[in-house]
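Welcome! Have the structure open beside you as you read, and look up each residue as it comes along.

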Amino acid sequence: MVDRTNDIRIIGVITVTCLLGISMAGMAWESKAQVLFFLVIMVSFASYIVGTIIPASPEKQAKGFFSYKADIFAANFVPNWRGPEGSFFGMFSIFFPSATGILAGANISGDLRNPTVAIPRGTLMAIFWTTISYLIITATIASCVVRDASGLLNDTLSLTSNSKNCVGLACQYGWDFTDCINNNTCGYGIANYYQSMSMVSAFAPLITAGIFGATLSSALACLVSAPKVFQCLCKDKLYPLIGFFGKGYGKNDEPLRSYLLAYIIAVCFILIAELNTIAPIISNFFLCSYSLINFSCFHASITNSPGWRPSFRFYSKWLSLLGTACCVVIMFLLNWWAALIAFGIVFLLLGYTLYKKPAVNWGSSVQASSYNIALTQCVGLNHVEDHVKNYRPQCLVLTGPPCSRPALVDLVSCFTKRLSLMMCGNIITADPSPPAVGNASSDSHVTWLNQRKVKSFYRGVVAAELRAGVNMLLQGAGLGRMKPNVLLMGFKREWRSDTPQAAHNYIGILHDAFDLQYGVCILRIREGLDVSHTSQSHVNPVFDAGPESITTISASPCVQTSSTSPGPTEGKPQPSSVFQKKQEKKTIDVYWLSDDGGLTLLLPYLLTRRKRWAACKVRVFVGGDSEKKEEQREEVLALIKKFRLGFCDVEVLPDIYQNPHPSNVHQFEDMVSCYRLNPNPKQDPDSETSSQQEEPWMITDEDIERNKAKSLRQIRLNEVLQDYSREAALIVITMPVGRRGACPSTLYLGWLDFLSRDLRPPVLLVRGNQENVLTFYCQ
């Protein structure tokens, strides 16, 4: 029509447009078209076989066809590469696309009636019969046609010519192609003439029809299967800007938009009009795909996942690994730069997927492998002895529903992220029942943590009372050595308006934690921790309770209560907290008032390692004697230097041992007055003791006198905090401890309340379990 190149473009565009019409008509039309193509291919194949049997005419002999000859087959059996790029792998790259229809059945698995049977059976039968047909064609044509021929009827070997000067295998059959062989101008023979099969066949147009049938069949399969795979990719929302192509139409959910995209890509390649140029690149991407499929099977096998149960009788994971290695090696042998590009694209797409973590539920072998690795490492920790240099604060955080106390979650995440274990605990106070268990174990809590980008586990339990539930978490949370060693909770601000029993249970939790060798931290912020609405959410009084005392289950704001309602966090902004913001150039004031193992110093150090806290300077305050103030400061500085904490600002406070202001003492007495046990002169002392045993939160005069010095000290410490740390970003202070049996729970809670009251910055009360968490030994 125009010239050879443009004819390819015109015919190719028209052909692929027709195929697009068949694809968009639906799978029924595609199946009928494939049957038609198959019949054409079979007729063409039969015409070719018959042609090889028919004796060769002089015209065909001039083009190199001499029927079946053993010496022709022997000559053609060995390679004879030609041209600068002639090699086995160059030929392999051109021929390989003819075998790329192997996955056509798997790609349309959604349209198959029984894919588990149809895919393996159809794929194996396709491979078998395709291989047989290719071997028959190559063996027969290599037995009939020489490599080089001129096509001229005058090139016969005459009786007068010297046969010794004749070059080529055709000399034995009376033909002399010496001139074109020596000049490399032969236009016929299987090395030069692409239409050799047409020349050999009984009826040449049938070969052309067969070539069209085979090509169109493969093209139609790709044009149908590739958009269906791409549609699934779009629906999974793995990558941005491709969701437009995932929309389906009709009862079979046909991906019409993806069909159009595939059509455009096909037209672009057709316009190149040089198959041998693009074939190596196409081959590389197909080989990359096959290597990934083989590796996926191998990886799924070595993870020993119970869900991986291949039904193919002859399956072997080592064969899959061998297939992977072969595909990768051949890719680089074909074209090393195309192989690098293919793997670069694959790793780029994989890296993006791993980074974005799309919400898809594939049950991949990577998940199984992650579980195996985690399990092996956790079990392996059992053989590792604990050492102070490897100490990590592994935190159990009593958050209730995590979304109700974001400040507590954010603070703990600051010093555990990528460093140590964090576990959010939630106790539902109710009798065990399906709704209660569902509320406690709802996946929405973990979803909220993931959306907030908090690296934390979640554990919810149902218990009859709060203290019992916390005790369950303290003893049962964790796995092996991956278990919490520090308990964090919110301060109970409204303890005086709550029931005395609730206050007693709150302090009881602290004692339980100390008994179980936990360090304890209590966070108090001025605006309060709980951001949920108490009328709509379950609030555990032990965490950060208001005046209410809840004994029944109500819907948590983090839990989806209806299967048709949107997710609990979808469309809702994440509540912000002071610990999410980048801190200004303020100070973290550490009041190190007693030796608890070093936890009070370690936590501020871990905070300063985070970017949002890096601008803050740590100041360490210690109690001391005014006469030895400078000497004691140097001693503390030397100790901190040995600990390699990097704190350079140390201040000795002798005034913490002074008496507090009388008005503050009076306020403290008013705070605990409602819990005072007023002695009755006429009452029997034994009955007074019995009354206190029934109500252990009540405070006697003896308790007041016994703990007077500690009470005055907490009052004085609040005055010191008001003076020195009013503008700090965070106050970390050693938490006082009230001995069980010697200090009533309400008196102890009064200490904590008065110590941390009316302070602008957040206050973190810290008490270690006397386990050393810092060391200055370097060896």
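Let's begin inside a helix: in α7, the buried residues are Thr123, Ile137, Thr140, Ile141, Ala142, Ser143 and Cys144. Please keep in mind that this is a predicted model.

**Helix α7**

- Helix α7 covers residues 115–144, which makes 30 residues.
- From its first C-alpha to its last, α7 reaches 42 Å, close to the 44 Å expected at 1.5 Å a residue.
- Which elements cover the buried residues of α7? They include α2 (27–53), α4 (70–77) and α9 (196–200).

**Helix α27**

- The buried residues of α27 are Ser711, Gln714, Ile715, Arg716, Leu717, Asn718, Glu719, Val720, Leu721 and Gln722.
- Both helices and strands take part in covering these buried residues: the cover includes the strands β6 (587–591), β8 (649–653) and β9 (730–734), along with the helices α24 (662–672) and α28 (745–756).

**The second largest pocket**

- This pocket has a volume of about 910 Å³.
- It is lined by 36 residues, and the closest to its centre are Asp386, Gln394, Arg481, Lys483 and Asn485.
- Which helix gives the most to the lining of this pocket? That is helix α19 (residues 466–476), with 3 residues.
- Sorted by class, the lining of the second largest pocket holds 14 nonpolar, 13 polar and 9 charged residues.

**The cavity**

- How many cavities of 30 Å³ or more are there? The count comes to 1.
- The largest cavity holds about 40 Å³ of space.
- Its lining is made of Tyr391, Asn485, Gly519, Asp596, Gly597, Gly598, Leu599, Gly768, Asn769, Glu771 and Val773.
- By class, the lining of the largest cavity divides into 3 nonpolar, 6 polar and 2 charged residues.

**Salt bridges**

- The structure holds 20 salt bridges, and here are some for you to look up.
- Lys228 and Glu254 meet through their side chains in a salt bridge, at 3.6 Å from N to O.
- This pair links distant parts of the chain, 26 residues apart: Lys228 sits in helix α10 (residues 204–235), while Glu254 belongs to the loop between α10 and α11 (256–272).
- Are Lys228 and Glu254 buried or exposed? Both Lys228 and Glu254 are buried.
- Another salt bridge joins Arg740 to Asp515, with the closest N and O atoms 2.8 Å apart.
- Here too, distant parts of the chain are linked, 225 residues apart: Arg740 lies in the loop between β9 and α28, and Asp515 in helix α20 (residues 500–515).
- Asp515 counts as partly exposed because its relative accessibility is 49%.
- Within helix α23 (residues 629–643), Glu630 and Arg633 lie 3 residues apart, about one turn of the helix, and their side chains form a salt bridge of 3.7 Å, N to O.
- Why does Glu630 count as partly exposed? Its relative accessibility is 49%, and Arg633 is also partly exposed because its value is 23%.
- Salt bridges link Glu630, Arg633 and Glu634 in a network.

Key. Residues are numbered from 1 along each chain as its sequence is written. This is a predicted model: local features need pLDDT of at least 70, side-chain atom pairs count only at pLDDT 80 or more; totals for chains, interfaces and linings use all residues. Side-chain values use heavy atoms; hydrogens and water are left out. On a 1 Å grid over the protein atoms alone, a cavity is a set of points where a 1.4 Å probe fits but cannot get out, and a pocket is an open set with protein on both sides within 12 Å along at least five of seven lines; lining residues have an atom within 4 Å of a point. Grid points are joined across faces, edges and corners, and a volume is the space filled by probe spheres set on the points. Helices (H or I, at least four residues) and strands (E, at least two) are DSSP runs, numbered from the N terminus. Ala, Val, Leu, Ile, Met, Phe, Trp, Tyr, Cys and Pro count as nonpolar, Asp, Glu, Lys and Arg as charged, and the others, Gly among them, as polar. Buried means under 20% relative accessible area, exposed over 50%, partly exposed in between (1.4 Å probe, protein chains only). Contact means heavy atoms within 4.5 Å. A salt bridge is a side-chain nitrogen of Lys or Arg within 4 Å of a carboxyl oxygen of Asp or Glu. The expected span of a helix is 1.5 Å times one less than its number of residues.
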